[in-house]
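Subject: Structure handover

Dear colleague,

Here is the structure I promised to pass on. Please open it alongside this message.

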Amino acid sequence: MCLLGIDLGGTSIKAGLVDKKGQILIKGQVPTGAREGATAVLGRIRDLAQNLAGERGLALADLTGAGIGIPGSVDVAKGEVRLAPNLFWRDFPLREELAALLDLPVAVENDAHAAALGEMWRGAGRGFNSLIMITIGTGIGSALISAGRVHHGVFGYGAEMGHLKMVRDGRQCHCGGHGCLETLASATAMVRSFREYLAAGHPSRLPDSPGLGAREILAAAAGGDELASRVIDEAAYYLGTALANAILLAGPEGIVIGGGPAQAGEVILAPIRKYMAAALGAWQLKPVPVLGAELGNDAGIIGAARLQARVEPAEDE
Ligand SMILES: [Zn+2]
């Protein structure tokens with residue numbers, strides 16, 4: 001069994017051939033070119049898939065099926081993309097179009113959901129049957145997997161933790177809400193908070209610069225900078241509190257944290273665990289593990305392939 005996993009982003013298309021154990025056999029990436037329209041994007045996906053298969057001495061017809069993760073809202077049952085702003089797609093029948101082009105069965109999923117399936121199959125979530133994954137980036141993506149399956153909810157936004165409301169009258173979010181988690185704890189929010197404190201006169205050894213990112217703030221916090229540590233501590237407070245709330249709602253076996261800031265490791269994971277435990281209080285009957293994601297950019301490819309492995313459980317082990 002050889003599966004095609006596709007991670008379609010606004011900037012690049014990443015794809016790989018994945019075996020039945022979830023190992024990537026070969027992978028590649030090309031620019032998305034979303035502004036050229038859906039037909040051009042799908043054509044590039046097919047060319048990339050054909051090249052990858054060709055390098056392994058295979059044709060597309062030799063593959064079992066394809067899965068694709070996209071940055072947007074998906075109707076999984078219909079295989080349709082409801083809205084993907086980065087791709088300029090709205091109500092697009094992706095499964096039908098891509099299946100016709102590849103002549104393979106295709107499964108469609110949101111990219112954060114696909115990444116969580118990847119981490120559960122081959123990454124930090126191995127062995128879990130239920131987990132919550134949050135990905136800290138420009139915004140905050142999330143997924144809830146329950147009994148081995150992605151929870152979508154009736155409207156398909158099951159697990160949009162980035163828009164949980166954390167404070168009253170908080171920062172305005174692009175979603176129109178106020179005080180959403182991603183306005184307080186995304187990589188973008190960490191930089192904003194740091195700059196606000198600097199402007200208010202708080203000293204830091206880390207100078208402001210146009211390229212300042214969460215990575216620099218996390219490194220400064222790890223090096224003992226007081227202001228950087230304060231910014232990370234506040235973001236971790238909101239992340240830990242939101243995760244405690246999610247645990248009380250869903251009761252997962254584990255938490256996986258992905259995205260650039262999670263790669264900084266304990267400097268952010270340790271305070272998240274601390275605030276999560278504090279918020280759970282007596283409800284923390286047994287500590288729920290909070291783990292950094294392990295697969296990086298490969299999680300999307302592996303998780304997308306997993307969408308097809310799911311339909312053949314007998315071959316999966
Ligand atoms: Zn929001």
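Predicted model: local features only at pLDDT ≥ 70, side-chain atom pairs only at ≥ 80, totals over all residues.

Metal site

The zinc ion has these protein donors: His163 through ND1, and Cys173, Cys175 and Cys180 through SG. The spacing of the donor residues in sequence reads H-x9-C-x1-C-x4-C. Angles among the four donor atoms run from 103 to 122 degrees, and the site is tetrahedral. For reference, the ideal angle for four tetrahedral donors is 109.5 degrees.

Helix 5 and helix 7

Helix 5 covers residues 187-199, and helix 7 covers residues 226-250. Their axes come within 10 Å and cross at roughly 135 degrees. That angle makes helix 5 oblique to helix 7. The crossing is right-handed. Helix 5 contributes Met190, Ser193, Phe194, Tyr197 and Leu198 to the contact. From helix 7 come Leu227, Ala228, Arg230, Val231, Ile232, Glu234 and Ala235. By type, the contact holds nine nonpolar residues, one polar and two charged.

Helix 3 and helix 9

Helix 3 (residues 111-122) packs on helix 9 (residues 298-309) at an angle of about 85 degrees. The axes are 7 Å apart. Helix 3 is therefore roughly perpendicular to helix 9. On the helix 3 side, the contact uses Ala114, Ala115, Leu117, Gly118, Glu119, Trp121 and Arg122. Helix 9 answers with Ala299, Gly300, Ile302, Gly303, Ala304, Ala305, Arg306, Leu307 and Ala309.

Best regards

How values were computed. Residues numbered from 1 in each chain as written. Heavy atoms only, no water. Axes fitted to C-alpha atoms, helices over the stretch in contact; angles between N-to-C directions. Helix = DSSP H or I, 4+ residues; strand = E, 2+ residues; numbered from the N terminus. Parallel < 35°, antiparallel > 145°, perpendicular 65-115°, else oblique. Left-handed = near helix turned anticlockwise from the far one by under 90°. Contact = heavy atoms within 4.5 Å. Nonpolar A, V, L, I, M, F, W, Y, C, P; charged D, E, K, R; others polar. Donors = N, O, S within 2.8 Å, 3.2 Å for Na, K, Ca; no water. Tetrahedral: all angles 85-135°; square planar, octahedral: opposite > 155°, others 65-115°.
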